[in-house]
Amino acid sequence: MTEQGEKRIGIMGGTFDPIHNAHIALGECALRELMLDEIWFMPAGNPYFKKKRNVTSGEIRCRMTELALQEKDRMIMSDFEQHWQGETYTADTVTRLQEIYPFARFFFILGSDSLYQIEHWYHPERIMKLAALAVADREYADRPRSLREQAEYLMEKYQADIRVLPFPEMDLSSTELRDMVRRGESIAAYVPVEVNRYIIEHGLYKEPEEQA
């Protein structure tokens, strides 16, 4: 907590289908670098950008997230987005959080790709007004500007508060892990032990994903 009593809370959003070690490592980096009191890992409710496939139920994704964080200090699974009807948008989530927790300072933790895409999100100006952005430091050769230049551009245009984390993003995605499970390959090296056990015991990701 700050001297004024303001709680610093990181928000790690995503489908977490499944949650994996890179998610947790980024959270640990954000806790340390931003001096956060807590990080809330928030499995998405009904994400508008995942219409092309069937997302695993929120109950299952929340349970996997709980299992992944059970031994982690100050890392908490939040089912906040599971209680809202319809499609979930980051702008609405941040707005609701600020209304419910007016004395909290929120830091929305992003992968570096998202910093280039955020202007195409639903009401990006609202996101950047209500929450600071924390982004993993990874440069891309095919981008029109460097990550730090993109951060400076958004800070000037939206008066955004953007923090670049010294975290080289891992080339690991939930999509790749689901594909590995479908091929009968082990993902034990890429997810927490309890998450791997849960996936095996419940036979998750065995069937092909349905495409819209």
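What share of the contacts in the protein chain with a separation of 6 or more comes from residues 24 or more positions apart? The figure is 76%, where contact means heavy atoms within 4.5 Å.

1. **Basis.** This is a predicted model: local features need pLDDT of at least 70, side-chain atom pairs count only at pLDDT 80 or more, and totals for chains, interfaces and linings use all residues. Residues are numbered from 1 along each chain as its sequence is written, and side-chain values use heavy atoms, leaving out hydrogens and water.

2. **Fold.** The protein chain has eight helices and six strands. These are DSSP runs numbered from the N terminus (helices H or I, at least four residues; strands E, at least two). Their order along the sequence is β-α-β-α-β-α-β-α-α-β-α-β-α-α. The radius of gyration is 17 Å, close to the 17 Å that the globule rule gives for 212 residues, so the chain is as compact as a globular protein of that length. That radius is taken over C-alpha atoms, and the rule is 2.2 Å times the number of residues to the power 0.38.

3. **Burial.** Of the 212 residues, 47% are buried. Buried means under 20% relative accessible area, exposed over 50%, and partly exposed in between (1.4 Å probe, protein chains only).

4. **Main core.** The largest nonpolar core has 39 residues. Such a core is a set of buried Ala, Val, Leu, Ile, Met, Phe, Trp, Tyr and Cys residues joined through side-chain atoms within 4.5 Å. Ile-39, Phe-41, Leu-165, Val-195 and Ile-199 have the most contacts inside it. Elements giving two or more residues include helix 1 (21-34), strand 2 (38-43) and helix 8 (193-202). Helix 1 gives the largest share, eight residues.

5. **Second core.** A separate core of 27 residues includes Met-42, Ala-104, Val-135 and Leu-147.

6. Most residues other than glycine have a negative phi, and most peptide bonds are trans. The loop between strand 1 (7-14) and helix 1 holds Pro-18. Phe-16 is found in this loop too. A cis peptide bond joins Asp-17 and Pro-18, with omega about 5 degrees. Phi of Phe-16 is positive, near 50 degrees. Phe-16 is buried, at 2% relative accessible area. Val-195 touches Pro-18 and Ile-19, among others.

7. **His-123.** Phi is positive here as well, near 45 degrees. His-123 sits in the loop between helix 4 (112-117) and helix 5 (124-130). Is His-123 buried or partly exposed? His-123 is partly exposed, with a relative accessible area of 34%.

Conventions:
Lists of a residue's contacts leave out its neighbours within four places in sequence.
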